[in-house]
Structure formats: structure tokens, C-alpha cells
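Me: I've got a structure open and would like to talk it through. Can you help me find my way around?

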Amino acid sequence: MKFEGIYAPAITPLTADGQIDYPAFDAVLEHLIASRIHGIIIGGSTGEYYAHTTEERLALADRAKQVIAGRLPLIVGTGAIRTEDAVAYAKAAKATGADAILVTTPPYAVPTSQEIADHVLAIDAATDLPIMLYNYPGRMGVPMDDAFFEAIAGAKNIVAIKESSGDVTRIHRLARHYPRISLSCGWDDQALEFFAWGAPSWVCAGANFVPAEHIALYEACVVEKDFTKGRAIMSAMLPLMEFLDGGKFVQSIKAGCELIGLKTGGVRAPLKPLDAAEKETLDAIIQALRAEVAAIQAGQAHG
């Protein structure tokens, strides 16, 4: 599988009593499919997988497969502290019919580079599915470093990496030293840099509610190779990215989805929804973003 385009980590809507709202989840998936994104990720942090039971995670993946029904690639997250649990999630993803899996460093355990590699290779051996690695040391505590990449060098199923370190030099090093592994942007305000260094995909939570604008940046940079246009679109998107980085990421993504008419049901504890003033600020940012990108697309504000 080749990871190309915009991949949205889908939100998980909740009912008033905090249970998963499956009809609303279906609506989220249908919205994403209609938006012309290129793939959907289930079981990512934007989907609040860390707040789900095992049964809920498995049920969400199964439901997604049924709803998507082959119309877009389905990637399922396998994040877990224990390797045994991550392997079980990966096996379930394969049984469900997922097209690929997202494999993270085990959080909190602080494994060594070799231990991270052993974790990834155990998942690979158990499933034989295409793997997108997920490097997020800010959340996991440790990075996927050079020693890790040396240890997994022979694993042919490892085809991509969502790079979320925030360190722009990592983009350079990954592109130069590990060209076999496709780069995917996992740090939104560096999307332009990722595309300049050849990344063909972007995993972006904001695509849940402003998909057209994310697609526009991808198409400008990757398809049209027009980085002047890309810079203009990126500049228009920066206020949204700054808002999302304000410490309430998942809450903001769900609020954005509410603003376009999707049911979300809030977030699971310990997180709390945005307040009215924050939602109003987000709404204004979204409206300005849409207007500015539309003008750029129309050729009225290019440069």
C-alpha cells in the first residue's frame, strides 16, 4: 500500500450518557468519504482510543469497515503499552479487513530502541499488513531513532512513518537516510516542509471539519508542485494550527466537527469540551480560513 494524500484520524462521537454513538460515527465516516480525502484512520489519539475499552476499539474498527466498504483505505491504530495487547489489536484489524495498521511506540514504558523495534517486529510478524509507524516522542517519551531504524531495516511491511516529533531536522534525516519509508506529515504547522522534502501524505485531524482546505494544500504542493500557492494556503491555515496547539487538541477537533453540523457528544474524561468563547473563536478562525483559501484557489490572493 502507498500512503498518498490526506488521511483523517476520525473522531468518535458519544451519546449523552458517554457511550459511543454509532449512528453519529457512521455520519462522520460518510462525511469524510464525501469530502474526497484519501484514507481514514480509526483508533488514533484524535479518536480517543486511550479512553476506550478493548471491546469499544474492536467494535469501532468493525463498524468502520462495514461503513467504508472499500470506498477508502482503512487504517487501524494498534497503540498499547503491552506488546501482547498491540499484537491483539493488530490481529483484530487484519480479521476486520483493515488495509494497513498504525503502530506507535508503547507509551509510558520508556523502552529502548531495540525494545521498540522488537515491539514493532512482533506486530509485523503477527499480521503481515502494511505498517505506518507513528513517532511521537512528546507523548510516548522516547523517539524512533537511528538505532531503531537499523533494527527494523529488513521489515518490508513498514512502508511509512507519521513523524510527529516537531523537529524539522528529523524530516531532513528521514528523507535522506530512510527513503524506503514514505514520510507522512504528523506535525501540522510543518506540512509545507514535509511536502518540500517529498512527503506524499499528511495525517491531519483538522481534515475532520475543514477537509477541502487540507486537500488544497496537499494538491498545491504534491500534485501541482506549486509551492508559491502552497505557502499562501499554509499561511492561511496557521491560525487554525495555532489554535489547535493551544492545549485542547481533541476538544477543538470535536468542536470544529460540531460547527459543521456533525454530532460529537463531547469528549471523555478527563478532557472537557471547549467553552462558548473558545468555540466562537474557533468558528471565526474557520470562516476566515475558508474565505482565504477560496480566494487563493480562485487566483485572487496568490503569492
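Me: What volume does the largest pocket have?
Reply: About 500 Å³. Keep in mind that this is a predicted model.

Me: Which residues lie closest to the centre of that pocket?
Reply: Tyr136, Gly186, Trp187, Asp245 and Phe249, out of 25 lining residues. Helix 10 (227-244) and helix 11 (249-259) each give at least two residues to the lining.

Me: OK, and cavities? How many are there of 30 Å³ or more?
Reply: The count is three. The largest cavity holds about 130 Å³ of space. It has 16 lining residues, and those closest to its centre are Gly43, Arg57, Ala61, Val76 and Gly77.

Me: Which elements give two or more residues to that lining?
Reply: Helix 2, strand 3 and helix 3. The largest share is from helix 2, with four residues.

Me: How many bridges join strand 1 to strand 8?
Reply: Three, between residues 5-9 and residues 201-203, and these two strands run parallel.

Me: Which of its residues are buried?
Reply: Ala86, Val87, Tyr89, Ala90, Ala93 and Thr96. Among the elements covering them are helix 2 (54-68), strand 3 (74-77), strand 4 (100-104) and helix 4 (113-127).

Me: And what follows helix 3?
Reply: Glycine 97, with a positive phi near 105°.

Me: One more residue: where is glutamate 48?
Reply: In the loop between strand 2 (39-42) and helix 2.

Me: Is glutamate 48 buried or exposed there?
Reply: Buried. Its relative accessible area is 2%, and the cut-off for buried is under 20%, so glutamate 48 qualifies.

Me: What is glutamate 48 in contact with, leaving aside neighbours within four places in sequence?
Reply: Thr12, Val250, Lys254, Gly266, Val267 and Arg268.

Conventions
Residues numbered from 1 in each chain as written. Predicted model: local features only at pLDDT ≥ 70, side-chain atom pairs only at ≥ 80, totals over all residues. Heavy atoms only, no water. Pairing = 2+ DSSP bridges. Buried < 20%, exposed > 50% of the residue type's maximum accessible area, 1.4 Å probe, protein only. Contact = heavy atoms within 4.5 Å. 1 Å grid on protein atoms, 1.4 Å probe; cavity = no way out; pocket = protein on both sides within 12 Å on 5 of 7 lines; lining within 4 Å. Points joined across faces, edges and corners; volume = space filled by probe spheres on them.
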